[in-house]
Each structure stands twice: as structure tokens, then as C-alpha cells.
Amino acid sequence: MEVNGSNVTVRVTRFAHNRAAAHGAAVRIASGEIRIASTTMEHNSASAEGGALAVDGGNVTVRSSRIAHNRAARGAGARIASGILNLVHTTVEDCHASAEGGALAVDGGEVLMANQSVLRRNGAPKSALALVAAAARLQ
């Protein structure tokens, strides 16, 4: 799913076994706003970045969801280039990057984690949990 300048809500959905030639095998947002709730993003793979989710701009809120078993070179769970990713009561687990940022690769923008969001059992040769660039924020 690609979001560009729209306002989208996704509820009780499963994004599974998707592949992307570059970024965001399940969801990619360039601009706009997307709210994802009670959703699973699992077993997705991107050859470059953002196995499940790629945020290139805009505002993304993932609530009461699970991001698991995704693969990418960088940011197997999610890659954030700019914009905001809000993780609320969401688990990112068992995602594996072949280079860096097992759960998250935050190159720009910011990631806000709230209400018992969890990053666990993610892997990568470098920064297995999260890779955060100097211009980015993870809180």
C-alpha cells in the first residue's frame, strides 16, 4: 500500500508475504497521514529498506499492532527517512536486517514510542535494535 498526500485509516488488517524491490513492502508513505490499528505486518521483505514500513514523509500512527518477521537490508521493521512514526502499544519483533537497524532505521524525522510499545528479538550485524542518525530522534 502506498500513501501519497492522502488521509488513510487501516483497521484489523494483515499485511503478509509482500515484497518490494526497494522500500516498504507492506506500507510506504510519502506524504499525508495514515492510522493503522489492530493490524499485523509480518513476513514482508524489501530489498533495500523498510521491510514492513517505509516512512518518507507524513505522519504514521501504528496502534495496538504487531510488526514481526520482516526482512530488509536496513530497517527490517521500519525505515524512517523523514516525517513521524508513532508506535502506540505496538510490538516490533523478530525482524532481521542484513546490514543495520534490525527493528528500526531512523535516518531523519522522529519515532515516538508510547504505552508499552516493545522492540524485541530483532537482529542485524550493526544496530540490531535501532539505528538512529544524528539528525533523527527516537523517544
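Tutor: We'll go through a sheet, some salt bridges, one asparagine and a core.

Tutor: This is a predicted model, where local features need pLDDT of at least 70, side-chain atom pairs count only at pLDDT 80 or more, and totals for chains, interfaces and linings use all residues. Residues are numbered from 1 along each chain as its sequence is written, and side-chain values use heavy atoms, with hydrogens and water left out.

Student: Which strands form the open sheet, and in what order?

Tutor: Five strands, in the order β2-β5-β9-β13-β17, with parallel pairing. Strands are DSSP runs of E, at least two residues long, numbered from the N terminus. Two of them pair if DSSP finds at least two bridges between them.

Student: Which strands stand at the edges?

Tutor: β2 (14-16) and β17 (118-120). Each has a single partner strand, so one side of each is left without a neighbour in the sheet. From one strand to the next, the twist averages 5 degrees. Angles run from 0 to 180 degrees between N-to-C directions, with axes as lines fitted to C-alpha atoms.

Student: How many bridges join β9 to β13?

Tutor: Three, between residues 66-68 of β9 and residues 91-93 of β13. I67 has V92 as its bridge partner in β13.

Student: New topic. How many salt bridges are there?

Tutor: The count is 15. The rule is a side-chain nitrogen of Lys or Arg within 4 Å of a carboxyl oxygen of Asp or Glu.

Student: What does R28 meet in a salt bridge?

Tutor: D56, at 2.8 Å from N to O. R28 lies in strand β4 (residues 27-37) and D56 in the loop between β7 (53-55) and β8 (59-63), so the pair ties together parts 28 residues apart in sequence.

Student: Which residue forms a salt bridge with E100?

Tutor: R74, with the closest N and O atoms 2.8 Å apart. E100 sits in strand β14 (residues 96-100) and R74 in strand β10 (residues 71-74), so the pair ties together parts 26 residues apart in sequence. E100 is buried at 17%, and R74 is buried at 14%. Salt bridges that share partners join E2, R28, E49, D56, R74, R79, E100, D107 and K126 into one network.

Student: Where does N122 lie?

Tutor: In the loop between β17 and β18 (130-132). N122 is buried, at 13% relative accessible area.

Student: Which backbone atoms lie 3.0 Å from a polar atom of its side chain?

Tutor: The backbone nitrogen of C95 and the backbone oxygen of R120. Leaving aside neighbours within four places in sequence, N122 is in contact (heavy atoms within 4.5 Å) with residues including V92, H96 and A128.

Student: Last one. Which residues touch the most other members of the largest nonpolar core?

Tutor: V27, I34, M41, L53, V60, V62 and L85, out of 30 residues. A nonpolar core is a set of buried Ala, Val, Leu, Ile, Met, Phe, Trp, Tyr and Cys residues joined through side-chain atoms within 4.5 Å.

Student: Which strand gives the most to this core?

Tutor: β4, with four residues. Not counting residues up to four places away in sequence, I34 touches residues including V3, V27 and V60.

Key
Buried < 20%, exposed > 50% of the residue type's maximum accessible area, 1.4 Å probe, protein only. Polar contact = N/O pair within 3.5 Å; in protein donor to acceptor, adjacent residues only side chain to side chain.
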